[in-house]
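Please examine the sequence and the structure shown here.

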Amino acid sequence: MRVRRLGWAGLEIEADGERLVIDYVQDLSPLFTGWKPGEHLTAPSGKATAALVTHLHRDHTDASALADALTPGAPVLRPAPGHGDDVDNVTTLSAERELALHRLAAEVVDAWSSRDIGPFRVTAVPSVDGLGDPQLNWVVQADGQRVFHGGDTMFHGYWWLIARRFNPFDAVFLPANGPVVDAPHLQPPSPLPAAMDPRQAAAAAEILGARYAVPMHYEAEQPDKIAGYVEVSDPETEFRTHAGRRAHVLAVGEWLDLAQPRADTRLIHS
């Protein structure tokens, strides 16, 4: 199995000639001012047989991109819809509408449920969203290797349950930008990060027994963000400091081949 970083939180995972994508997006302009569609992002290397979605924030669910990337009828596995009224669900409604518009084969799945898709066995595991919206994380197994994708989760107590069931992991992909959010519908604001910062991500990687710990959910060259979204200034450097030998930074478009021993694993640019 090998894994390619598609930008922001997007991944492409390939095994036995098939691929799936997780949190693949191509247009972040609805959220991030100045970020043109496709900028600092890349597309999968071929059609995917399934898509996994951690949650329905627009920077993790891009229905138009998924429609272009998936084979006809490919499943899109996703968490439940948000709770409450339109104010409660303001950050998920755009993606909900787009999934329906593009008629994707979206399926709501529960935490701890598993599915076999081609050479992959995928399991949804618990996650905690910084804005209170439903979120899942994903464990993907193929070719005797195991990968974890952390969306933009906060640090939580499920890490030990996930580790008991699945560790060690060959690679874990974890959010590391530690954004502090001050949005109109989230008042009074919290001074605490709404997704893991580098130290928290490194702690999660250690609990999960990661061979490779890869930071994501940040881009070093991204343009200005929306107001009220303040990130860690240098996630890569901080993550390397805290994660030590596990840390393995991937640039957008680069592959990590998990079949190779760590000392010989090469980054391959597309």
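Helices here are DSSP runs of H or I with at least four residues, numbered from the N terminus. The model is a predicted one. Helix H5 comprises residues 235–243, and Gly-244, which follows H5, has a positive phi near 60°.

Within H5, Pro-235, Phe-239 and Ala-243 are buried. These residues lie on the same side of H5, because they cover an arc of only 45° around the axis. In general, an α-helix has 3.6 residues a turn, so residues three or four places apart point the same way. The partners of the buried residues of H5 are helix H4 (198–207) and strand S13 (212–216), against which they pack.

Is Arg-58 buried or exposed? Arg-58 counts as buried because its relative accessible area is 8%, under the 20% cut-off. Beyond its neighbours within four places in sequence, Arg-58 is in contact with several residues, among them Val-25, Leu-28, Pro-30 and Thr-91. Its side chain reaches the backbone oxygen of Asp-27 at 2.8 Å and makes a polar contact with the side chain of Glu-98 at 3.1 Å. Arg-58 and Glu-96, 38 residues apart in sequence, have a C-alpha to C-alpha separation of 9.3 Å.

On the surface, Trp-112, Tyr-158 and Leu-161 form a nonpolar patch with about 260 Å² of accessible area together. Of these residues, Tyr-158 lies in the loop between strand S10 (145–149) and helix H3 (159–166). Tyr-158 is partly exposed, with a relative accessible area of 35%.

How values were computed: Residues numbered from 1 in each chain as written. Predicted model: local features only at pLDDT ≥ 70, side-chain atom pairs only at ≥ 80, totals over all residues. Heavy atoms only, no water. Patch = residues over 30% accessible without salt bridge, like charges linked within 9 Å, V, L, I, M, F, W, Y side chains within 5 Å. Areas by Shrake-Rupley, 256 points an atom, 1.4 Å probe, with all protein chains shown as cover. Salt bridge = Lys/Arg side-chain N within 4 Å of Asp/Glu carboxyl O. Helix = DSSP H or I, 4+ residues; strand = E, 2+ residues; numbered from the N terminus. Buried < 20%, exposed > 50% of the residue type's maximum accessible area, 1.4 Å probe, protein only. Arc of directions from axis to C-beta. Contact = heavy atoms within 4.5 Å. Polar contact = N/O pair within 3.5 Å; in protein donor to acceptor, adjacent residues only side chain to side chain.
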